[in-house]
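Let us walk through this structure one part at a time. We begin with its division into domains, then turn to the contacts and the sheet.

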Amino acid sequence: MERITIALAKGRPAKSTIELLKKTGSRFQDLHEDSRKLLFYNEDNTMKLIFVKALDVPTYVEKGAADIGIVGKDNIMESEADVYELLDLQIGKCMFAVAGKPNHTVPSGKPLTIATKYPNVARRHFQKKGQEIEVVKLNGSVELAPIIGLADYIVDIVETGNTLRENGLVVHEEMDAISTRLIVNKASFATKSKEVQQFIQQLRTAMEG
Ligand code: PRP
Ligand code: MG
């Protein structure tokens with residue numbers, strides 16, 4: 001068996017992913033979501049697990065630094081990485097949305113400004129509608145932007161809707177459904193096909209149980 005390297009997204013969805021991994025029967029020593037360690041091996045050394053920033057997971061997989069990645073669809077879409085997406089883990093469910101103040105309008109002739117952590121996703125979305133936008137790239141708390149007048153709208157993830165509600169904002173347009181996905185490096189899919197398929201099958205079984 002060839003060893004496979006799996007890149008996991010740090011942060012919010014890590015807990016459910018780790019739980020699912022445990023259900024597959026693979027044992028990684030010291031693995032828990034609060035650990036500061038970034039690299040783990042399973043008992044028989046057939047799997048290496050690395051923890052990376054969510055948006056970097058698709059990059060690790062595209063470049064072959066990891067064979068497999070487990071990461072949110074939001075980051076896969078933003079990265080535009082050339083990888084295979086083979087499984088929906090049905091966790092971390094939320095959606096992309098355009099949101100803003102309830103009655104906000106944009107005077108004609110003025111460019112539409114969108115604040116977001118996801119500039120590529122935002123640009124693609126409005127491009128499809130033939131609308132040009134000016135992106136204000138932020139790294140968090142994007143809900144502040146329409147309130148403060150930094151942007152007309154935001155493109156962001158909505159899960160419970162609490163952040164929007166508590167800041168007096170509403171969804172103007174629902175976009176793509178998001179959840180945690182499994183992605184595979186294109187070369188690894190051919191060269192480590194058996195190992196990759198086996199891992200996917202283990203996850204499928206764990207998801208059913
Ligand atoms: C995420 C996202 C939304 C919020 C959605 O932010 O960017 O703001 O969660 O969840 P909700 O609909 O359940 O409120 P996060 O908490 O990750 O913080 P950040 O945007 O500041 O990074
Ligand atoms: Mg946020």
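The protein chain splits into domain 1 (4–92 + 179–208) and domain 2 (94–177); the bounds come from an automatic or database domain assignment. This is a predicted model, in which local features need pLDDT of at least 70 and side-chain atom pairs count only at pLDDT 80 or more, while totals for chains, interfaces and linings use all residues. Residues are numbered from 1 along each chain as its sequence is written, chains are lettered from A and ligands numbered from 1 in the order in which they are written, and side-chain values use heavy atoms, with hydrogens and water left out.

How do the two domains meet? Taken over C-alpha atoms, the centres of domain 1 and domain 2 are 30 Å apart. Contact (heavy atoms within 4.5 Å) involves 10 residues of domain 1 and 11 residues of domain 2. The size of an interface is often given as the accessible area lost when the parts come together. Here the two domains bury about 850 Å² between them, 43% of it on carbon and sulfur atoms. Buried area is the accessible area (1.4 Å probe) that two parts lose on being put together, summed over both. On the domain 1 side, Asp74, Met77 and Glu78 lose the most area to domain 2, together 62% of what that side buries.

Helix 3 (residues 73–79) gives the most to the side of domain 1 that touches domain 2, with 5 residues. Helices (H or I, at least four residues) and strands (E, at least two) are DSSP runs, numbered from the N terminus.

The whole structure holds 9 salt bridges. One of them joins Asp67 and Lys192 (3.1 Å, N to O). Asp67 sits in the loop between helix 2 (57–63) and strand 4 (68–72), and Lys192 in the loop between helix 7 (186–191) and helix 8 (193–208), 125 residues apart.

Strand 7 (residues 112–116) and strand 8 run parallel, joined by 5 bridges. Ala115 stands opposite Val136 in strand 8.

Technical notes:
Pairing = 2+ DSSP bridges. Salt bridge = Lys/Arg side-chain N within 4 Å of Asp/Glu carboxyl O.
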